[in-house]
Amino acid sequence: MLTHQAAAAALWFLPFAIPIGVWVSWSDMARMKIPNLAVVALIAVFAVVGLIVVLVGIWPFETWAWRWSHFALVLFIGFLANMVGAMGAGDAKFAAAMAPFIVRQDALPFIYLLAAVVLAGFTLHRIARRISWVKAKTPDWESWTRKDFPMGLCLAGALVIYLAAGAIWGA
């Protein structure tokens, strides 16, 4: 359960996470790539908006500073997963950029949320690619023909859902 502080911070981050999430989802479905600029943008949101959250008194500085360890840990795990072929490099970098936004105590609930979003996203993506009018509107999307799955769709979706839920129900 998010604290009042975490819920207030989620409200600050959400307006920036939504367009970045749409960008990542779109790009990953269309080109099967998550742009490095999108990863940098999400990190910049945490850096800048996070400091604003500190300055307005929602978080103590230590909370913001310690969240960077989430980034480092997930980046390390993501690169190991990429080396063994378990995930793409873009997915690993984007997951690391998402990590500071997640409250440490919410790690397991977030993993459950991500699992649910992956199941829904995979199912909907596979259904959508079989619908002719959807493919007609997006004929050049690589994800329609590849066996692998655009995880950026689900990573971004899970982050936005997490922040929205925190902003709505945590306050």
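User: How does the lining of the largest pocket divide into nonpolar, polar and charged residues?

Analyst: Keeping in mind that this is a predicted model, the lining of the largest pocket has 16 nonpolar residues, two polar and one charged.

User: And which residues lie nearest its centre?

Analyst: Val 74, Ala 95, Ala 99, Phe 110 and Ile 111, out of 19 lining residues. Helices H3 (61-83), H4, H5 and H7 each give two or more residues to that lining. The space in the largest pocket comes to about 520 Å³.

User: OK, what about the second largest pocket, what's its volume?

Analyst: About 250 Å³. Twelve residues line the second largest pocket, and Thr 63, Arg 67, Val 103, Arg 104 and Gln 105 lie nearest its centre. By class, the lining has four nonpolar, five polar and three charged residues.

User: Which element gives the largest share of that lining?

Analyst: H3, with five residues.

User: Switching to the core: which residues touch the most other members of the largest nonpolar one?

Analyst: Phe 13, Leu 42, Trp 59, Phe 94, Phe 101, Leu 159 and Leu 163, in a core of 40 residues. H1 (4-31), H2 (36-55), H4 (89-98), H5 (107-128) and H7 (151-169) each supply at least two of the core residues, and the largest share, nine, comes from H7.

User: What is Trp 59 in contact with, leaving aside neighbours within four places in sequence?

Analyst: The contacts of Trp 59 include Phe 13, Phe 46, Trp 64 and Arg 67. Separately, there's a second core of six residues, among them Ala 30, Ala 128, Val 134 and Trp 141.

How values were computed:
Residues numbered from 1 in each chain as written. Predicted model: local features only at pLDDT ≥ 70, side-chain atom pairs only at ≥ 80, totals over all residues. Heavy atoms only, no water. Core = buried A, V, L, I, M, F, W, Y, C linked by side-chain atoms within 4.5 Å. Buried < 20%, exposed > 50% of the residue type's maximum accessible area, 1.4 Å probe, protein only. Helix = DSSP H or I, 4+ residues; strand = E, 2+ residues; numbered from the N terminus. Contact = heavy atoms within 4.5 Å. 1 Å grid on protein atoms, 1.4 Å probe; cavity = no way out; pocket = protein on both sides within 12 Å on 5 of 7 lines; lining within 4 Å. Points joined across faces, edges and corners; volume = space filled by probe spheres on them. Nonpolar A, V, L, I, M, F, W, Y, C, P; charged D, E, K, R; others polar.
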